[in-house]
Amino acid sequence: MGAVAIADGQPLDLLAVRSCNLFGMSISPGYTVFDWLRDVDRDLRIWFSQITTKTGLGEHVDAAVKDRFYASEFHVQASESQSREIEARGLGLAYLLDGVAVSLASEERWRRCVVIISHRWLDEEEQEHSDEVEVVNVSERSNVKAAANRLYRQWQSAMAGQQSAISRVRSLGGVFPHLVLGMDVESQFQALAADVQRVIRGKFIELDGAVREWRRVGAPLPKLPGIRSEGKATMGKYGENRVHRDRRGANATYKLHVSAGSYRIHFRVESGQKVIEVGYVGKHLPTKKFH
């Protein structure tokens with residue numbers, strides 16, 4: 001529960017998969033989960049209640065994920081020396097949701113940051129398939145940083161893979177967890193050709209990673225390679241072209257920019273809040289030398 005409470009400092013959507021008497025499980029000899037609940041502080045008891053009382057696959061879970069979950073079996077090997085398997089539905093659901101499993105640290109296998117499970121499922125034609133998959137797992141506070149890093153690397157890899165083909169979801173909104181978008185950016189992005197959108201998304205991946213690292217290391221400014229600021233001459237003559245609506249709808253000036261092929265991404269840095277807000281994506285804006 002302590003690991004859940006500090007998990008990367010982000011709001012969590014908690015969901016339990018329970019097929020046992022969780023409250024009667026032994027944490028140590030003669031000491032059950034029920035005993036722990038009487039001894040633990042209020043905050044951790046609340047976290048435990050939120051997880052264990054939310055046991056259904058609600059409307060927020062994609063229908064395709066639900067179908068795959070109910071048509072699947074998930075198991076983990078009992079030990080390296082045994083062929084016997086243990087059912088691991090919670091780990092399986094975390095895998096299908098691209099999320100994190102939360103496990104009681106009752107045995108060594110559940111303390112691992114990455115757990116390998118066997119996934120067997122039936123397709124629409126009732127053909128059986130099987131695979132071994134890795135699931136990111138948290139059971140102790142010491143797991144949280146490693147789990148967060150691994151999930152973020154997976155996210156970066158998945159996003160980079162989308163650059164090779166036109167994504168059906170062309171929106172930027174909600175995709176990049178560490179970036180803030182001005183109110184005009186989405187419409188600007190939608191107006192671009194698909195090949196340009198792929199280039200823009202690639203730059204957004206880099207910017208998102210830079211902000212994440214900035215926040216984690218506590219540096220005064222982010223490390224942003226290839227970033228340029230407009231000169232006084234350009235701002236004096238074409239400064240109005242750098243004014244766009246910020247995330248609240250107010251006009252703001254975006255002097256910093258990064259190249260995305262022949263296109264540009266303009267943004268500003270809010271050092272106090274450790275925020276990078278993008279205000280413009282599109283064609284090269286006029287400058288003293290380019291107009």
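Strands E12 (residues 256–260) and E13 (residues 263–270) pair in the antiparallel sense over five bridges, where strands are DSSP runs of E with at least two residues, helices are runs of H or I with at least four, and both are numbered from the N terminus. Two strands are taken to pair if DSSP finds at least two bridges between them. His 257 stands opposite His 266 in E13. Both strands belong to an open sheet of five strands with mixed pairing, in the order E8-E14-E13-E12-E9. Strand E8 (180–181) and strand E9 (228–229) stand at the edges with a single partner strand each, so one side of each has no neighbour in the sheet.

The model is predicted, and local features require pLDDT of at least 70, side-chain atom pairs count only at pLDDT 80 or more, and totals for chains, interfaces and linings use all residues. Residues are numbered from 1 along each chain as its sequence is written, and side-chain values use heavy atoms, with hydrogens and water left out.

The chain contains nine helices and 14 strands. Of its 291 residues, 38% count as buried (under 20% relative accessible area; exposed is over 50%, and partly exposed lies in between, with a 1.4 Å probe and protein chains only).

Leu 57 lies in the loop between helix H3 (42–53) and helix H4 (63–70). With a relative accessible area of 15%, Leu 57 is buried. Residues up to four places away in sequence aside, Leu 57 touches Leu 15, Lys 66, Phe 69, Tyr 70 and Leu 93, a contact being heavy atoms within 4.5 Å. Leu 57 and Leu 93 are 36 residues apart in sequence, and their C-alpha atoms are 9.8 Å apart in space.

Aromatic rings of Phe, Tyr and Trp (its six-membered ring) pair if their centres lie within 6.5 Å; planes under 30 degrees apart count as stacked, over 60 as edge-to-face and the rest as tilted. By this rule there are seven aromatic pairs. The rings of Phe 23 and Phe 48 have centres 5.8 Å apart and planes at 75°, so this pair is edge-to-face. Phe 23 is in the loop between helix H1 (2–5) and strand E1 (26–28), whereas Phe 48 is in helix H3, 25 residues apart. Phe 23 is partly exposed at 34% relative accessibility, while Phe 48 is buried at 7%. Phe 69 and Tyr 70 form another edge-to-face pair, 5.6 Å centre to centre with 65° between the planes. Phe 69 is buried at 3% relative accessibility, but Tyr 70 is exposed at 56%.
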